[in-house]
Amino acid sequence: MAKNNSQIAAGSGYSDSLDDKKKHARKIARGLARLFPEPECALIHDSPFQLLVATILSAQCTDERVNATTPTLFKKYPTAEKLATSKQADVEKIVYPLGFFRAKATNIRKMALAVTEQYADEIPRTLKELVALPGVGRKTANVVLGTAFGIPSGVVVDTHVKRICNIFGLTTSKNPEIIERDLMEVLPKKEWIAFSHRVILHGRATCVARKPRCTECSLLKICPRIGLKPLTE
């Protein structure tokens, strides 16, 4: 892995070896746990079904906008059965503010129909079954399994996790699937669910995309700051 020593925080303990990466990942996980001891999913939901819908709708859209839209959607279609019998135009009208509204309306309606017909209105609890549903990829399945059912099927990789885990030196990839494999290799399985929530919260609070506030960050001493400009004295 190419790196510039001027970009690495002194005393971070950064190393390329797998054993050292695992130790480094554990330090990062512990530091994030101190910052965010009880992380919660940012998407507001009252059931696994609602979480699945909200996660599908969150593609290329902010969680805040999704949360502003789903109360209307869930009031009208609170269950998979209700959404499965909806009209495309009605759903499109509700999800219009979220972008790609036609595709998103189509996906959640087809997903709801599949859940109703194949699983008696219950969200399945395996990765294989979830990713077979319309509009559901591995990331969405991991969100639902981890948040709704407490099943650590993998590590959720969103834009925050992608960016920050590169800064942490836990991966060198920009590909979400490769990043997930890298994180699963270095993180204890018990950390898989909470870790992503905490990274997302950290990305919103301190490690912001436009200008990370490194000098204010409690993880500075253990963060190699890969790809960031050297801190000025």
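Buried means under 20% relative accessible area, exposed means over 50%, and partly exposed is what lies in between, as judged with a 1.4 Å probe on protein chains only. The model is predicted, so that local features need pLDDT of at least 70 and side-chain atom pairs count only at pLDDT 80 or more, while totals for chains, interfaces and linings use all residues. Residues are numbered from 1 along each chain as its sequence is written, and side-chain values use heavy atoms, with hydrogens and water left out.

**Stop one: two loops**

Select Asp-121, which sits in the loop between H6 and helix H7 (127-131); helices here are DSSP runs (H or I) of at least four residues, numbered from the N terminus. Asp-121 counts as partly exposed because its relative accessibility is 25%. Most residues other than glycine have a negative phi, yet Asp-121, which is not a glycine, has a positive phi of about 75 degrees.

Now move to Gln-60, in the loop between H2 and H3, where phi is near 55 degrees, again a positive value in a residue other than glycine. Is Gln-60 buried or exposed? Gln-60 is exposed, because its relative accessible area is 67%.

**Stop two: H2 against H8**

Select residues 48-57 for helix H2 and residues 138-149 for helix H8, whose axes come within 10 Å and cross at roughly 150 degrees; axes are lines fitted to C-alpha atoms over the stretch in contact, and angles run from 0 to 180 degrees between N-to-C directions. H2 is therefore roughly antiparallel to H8, a word used for angles over 145 degrees, whereas under 35 is roughly parallel, 65 to 115 roughly perpendicular and the rest oblique.

Pro-48, Leu-51, Leu-52, Thr-55 and Ile-56 of H2 meet Thr-140, Val-143, Val-144, Thr-147, Ala-148 and Phe-149 of H8, where contact means heavy atoms within 4.5 Å. Thr-55 of this group counts as buried because its relative accessibility is 5%, and beyond residues up to four places away in sequence it touches Leu-43, Thr-140 and Val-143.

**Stop three: the largest nonpolar core**

A nonpolar core is a set of buried Ala, Val, Leu, Ile, Met, Phe, Trp, Tyr and Cys residues joined through side-chain atoms within 4.5 Å. Of the 38 residues in the largest one, Leu-52, Val-53, Leu-73, Met-111 and Leu-130 touch the most other members. Select Met-111 and look for Phe-49, Leu-52, Val-53, Ile-56, Leu-133, Pro-134 and Val-136, which Met-111 touches when residues up to four places away in sequence are not counted. Apart from this core lies another, of 27 residues, among them Val-155, Cys-165, Trp-192 and Ile-222.

**Stop four: H1 against H11**

Finally, select helix H1 (residues 18-35) and helix H11 (residues 192-205), whose axes come within 10 Å and cross at roughly 65 degrees, which means that H1 is roughly perpendicular to H11. Ile-28, Ala-29, Leu-32, Ala-33 and Leu-35 of H1 make the contact with Phe-195, Arg-198, Val-199 and His-202 of H11.

End on Phe-195 in helix H11, which is buried because its relative accessible area is 1%. How many residues apart along the chain are Phe-195 and Ile-28? They are 167 residues apart, while their C-alpha atoms are separated by 9.4 Å. Leaving aside neighbours within four places in sequence, Phe-195 is in contact with Ile-28, Ala-29, Leu-32, Cys-165, Leu-170, Leu-183 and Leu-187.
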